[in-house]
Amino acid sequence: MSARDLPEHEARAAELVARLCREYLAPPPRQSVSEWAVANRILSAKDSSEPGPYRIERTPYAREPQDELSHFSPTEEVVLMWGAQTSKTTIGMNWIGSLIELQPGPVMAVLPTIDTGKRFSRQRLVPMIEESPSLRRKVKDNRSRDDANTTLLKEFAGGFVIIAGANSAAGLRSAPIRDIYFDEIDAYPLDVDGEGDPISLAEARQTTFARRKRLKTSTPTTKGFSRVEAAFLATDRRYFHVACPHCGQRQRLEWGADSLHGIKWRKEEGTGRPLPSTAHYVCISGCIIEEHAKTAMLAGGAWVPQNPAAHPKKRGYHLSSLYSPLGWLSWEQLVREWLEAKEAVAVGDVSKLRAFVNTRLAETFEEQGAQADHHELARRAEPYEMGVVPMGGLMLTGFADVQGDRIELRVWAWGRGEESWLVERHIIPGDPLIPEGEPGSPWTRLTDIRRTPIAHASGRHMMIEACGVDSGYQAHAVYNYCRTHAHAHVLATKGMPGAQRPVLGKPSVVDVTWRGKTMPRGLKLWPIGADTAKHLIFGRLRLTSAGHGYVHLPAKLREDPHGEFEQLTAERLVTKYHHGRARMEWHKAPGKRNEALDCFVGSYAMACYMGIQALKEPGWARREQLFAPREPDLFGAAAAGQGDDNDNNEAATSTAKQRPAQPARPAGRQAVQPKRGGFVKGWR
């Protein structure tokens with residue numbers, strides 16, 4: 001008897017039971033992750049430059065890695081060491097979507113921090129659920145009073161998705177988890193809340209699940225310290241090989257900076273200027289491949305393992321941005337970024353090259369840990385006079401390092417291309433705890449030095465435009481001094497460790513009321529990214545020819561009893577282990593002093609405060625006309641203008657023949673118009 005032979009209400013009930021059995025009791029279809037994505041995934045305009053149905057044809061190399069995450073695949077761990085603009089995040093999202101519909105269970109997505117996890121949920125996970133009808137039916141609606149669907153938790157029939165931050169141990173050990181998506185693992189902390197490695201903590205949640213799976217993705221960072229590199233090396237290490245459209249030779253696309261094959265470009269005849277628009281690929285047989293052939297090459301490509309004897313349940317995939325589909329990231333753009341990185345290296349800045357190697361080539365960057373040689377610095381020191389700004393110097397900054405019995409000050413001049421000259425060094429004896437103005441106070445002498453004009457080789461005078469003071473020692477005394485002279489661009493600073501910090505970060509207010517609230521116009525404490533600055537400075541100290549980034553040092557300091565050159569090179573980049581994990585840190589050799597290096601780092605941070613990184617040629621030209629005009633004016637240097645550091649007019653009267661030029665204001669600072677209504681000494 002069939003449902004047609006039953007009364008109408010019984011027939012409807014039988015049909016409902018049959019439909020529910022088909023939907024909930026039938027085994028999941030044998031559908032791979034890529035097949036599910038093609039059939040169901042709708043890319044949102046919020047997280048994709050090509051919104052609409054997911055097309056695997058755009059990224060053929062993404063088929064195998066995500067299919068190895070399918071529930072019927074024996075692979076347990078997939079590692080993606082991929083460059084930017086290659087769709088590695090899309091693979092993770094496709095996997096999560098297929099798990100929700102085909103293989104429900106407890107799932108976790110681990111992001112570097114809880115904040116990035118929240119952004120991942122709002123910008124990636126929620127748009128995928130809203131745009132894909134099959135997922136929208138599965139995941140509960142987001143209601144304000146329903147704790148089953150929050151930013152960090154998405155529940156569905158048979159399972160849930162938890163979003164955790166690698167910086168929170170509580171979130172990583174919250175519940176048993178079957179499948180885990182680790183995103184950007186190289187940004188994870190080495191130790192979380194004193195409980196160990198965040199990846200190990202999360203993987204411990206999978207112990208009871210026999211058919212567990214893990215996806216680890218990231219662009220790599222430093223060689224020997226990269227999590228994704230270590231995970232990739234433990235797999236079969238697969239590379240995507242494509243066939244040359246001319247000779248048919250299968251090969252892996254490589255940058256090839258030091259080889260005959262790889263990305264190449266032509267140069268302009270006569271000038272030798274690179275032409276990025278001519279970028280092409282030279283295959284290992286010498287054939288020239290234009291980028292328009294890349295689509296067909298990717299379609300016929302295949303993953304080839306380099307270590308087939310590895311763990312059979314671990315698959316690793318390496319892919320650089322050279323494989324990025326047409327319309328995403330072009331070879332021409334890669335060449336432009338490479339040329340910019342090489343120009344930065346020429347002036348001692350390796351940050352752009354590091355970013356290119358990590359994010360574009362998907363390779364680890366090998367840090368140059370060798371310190372600069374102080375003997376080499378002494379050998380190339382120049383016979384310019386200390387206390388006089390050389391002709392190329394157009395900006396003056398200083399930095400004071402506070403010690404127990406003295407204050408050490410260095411004044412550096414800066415020119416085009418961030419070329420620098422050490423102009424003055426002062427060792428001011430005295431107890432920093434003695435307030436300014438009292439006998440024996442080093443702060444009084446520091447103020448006198450700051451207010452004294454410094455002669456320029458052109459015959460004019462310059463003032464120290466910004467001066468930082470390190471608050472790492474005797475912070476209260478430093479705060480008092482900087483609070484008094486804040487209007488003269490005297491900044492309280494604090495060195496902060498960490499390779500990813502900017503040279504000069506966003507300041508925080510340290511003055512608070514008795515209620516514990518910050519004062520709106522209280523003293524600001526400026527963080528200095530010491531590690532970032534030291535990487536840059538040591539690269540520049542190794543330069544051997546004057547020009548962009550070159551560091552000039554006076555020959556007078558060769559026989560310095562305080563060892564200025566030794567202090568500049570007192571630190572080196574070494575490997576340190578924290579909770580079993582290695583990381584690179586700057587360390588000072590025992591018994592050596594590094595005040596000169598600290599002052600150089602601080603002076604450069606003050607130059608950044610004055611806007612040196614954004615200063616273009618018109619700005620340098622104005623400074624040159626002000627301080628070092630190429631043609632002297634009718635009345636000579638005596639008519640060079642006036643200026644002081646706005647601290648007091650005593651500096652203006654320190655010389656009767658010449659008045660220093662007014663220093664430029666920091667970038668972004670507006671001129672404050674004096675109030676009218678009364679006579680103010682020195683106001684014009």
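A: A contact here means heavy atoms within 4.5 Å. In this predicted model, residues 24 or more positions apart account for 69% of the contacts in the chain with a separation of 6 or more. The chain, with its 684 residues, has 50% of them counted as buried, and it is built with 19 helices and 29 strands. Its accessible surface comes to about 33200 Å², and carbon and sulfur atoms contribute 52% of that area.

Turning to the cysteines, a disulfide is a covalent bond between the sulfur atoms of two cysteines. The structure holds 0 disulfides. For Cys247, the nearest cysteine sulfur is that of Cys244, at 3.7 Å; because a disulfide is taken as a pair of cysteine sulfur atoms within 2.5 Å, Cys247 is in no disulfide. Cys247 counts as partly exposed, with a relative accessibility of 39%. Cys599 is likewise in no disulfide, and the nearest cysteine sulfur, which belongs to Cys467, lies 9.0 Å away. Whereas Cys247 is partly exposed, Cys599 is buried, its relative accessible area being 0%.

Elsewhere on the chain, a nonpolar surface patch of about 430 Å² is formed by Leu16, Leu20, Tyr24 and Leu25. Of these residues, Leu25 lies in helix H1, which covers residues 8-25, and Leu25 is exposed, with a relative accessible area of 66%.

Key:
Residues are numbered from 1 along each chain as its sequence is written. This is a predicted model: local features need pLDDT of at least 70, side-chain atom pairs count only at pLDDT 80 or more; totals for chains, interfaces and linings use all residues. Side-chain values use heavy atoms; hydrogens and water are left out. Helices (H or I, at least four residues) and strands (E, at least two) are DSSP runs, numbered from the N terminus. Buried means under 20% relative accessible area, exposed over 50%, partly exposed in between (1.4 Å probe, protein chains only). Accessible areas come from the Shrake-Rupley method with a 1.4 Å probe; for residues, only the protein chains shown count as cover. Patches are made of residues with over 30% relative accessible area and no salt bridge: like charges are joined within 9 Å, nonpolar side chains (Val, Leu, Ile, Met, Phe, Trp, Tyr) within 5 Å. A salt bridge is a side-chain nitrogen of Lys or Arg within 4 Å of a carboxyl oxygen of Asp or Glu.
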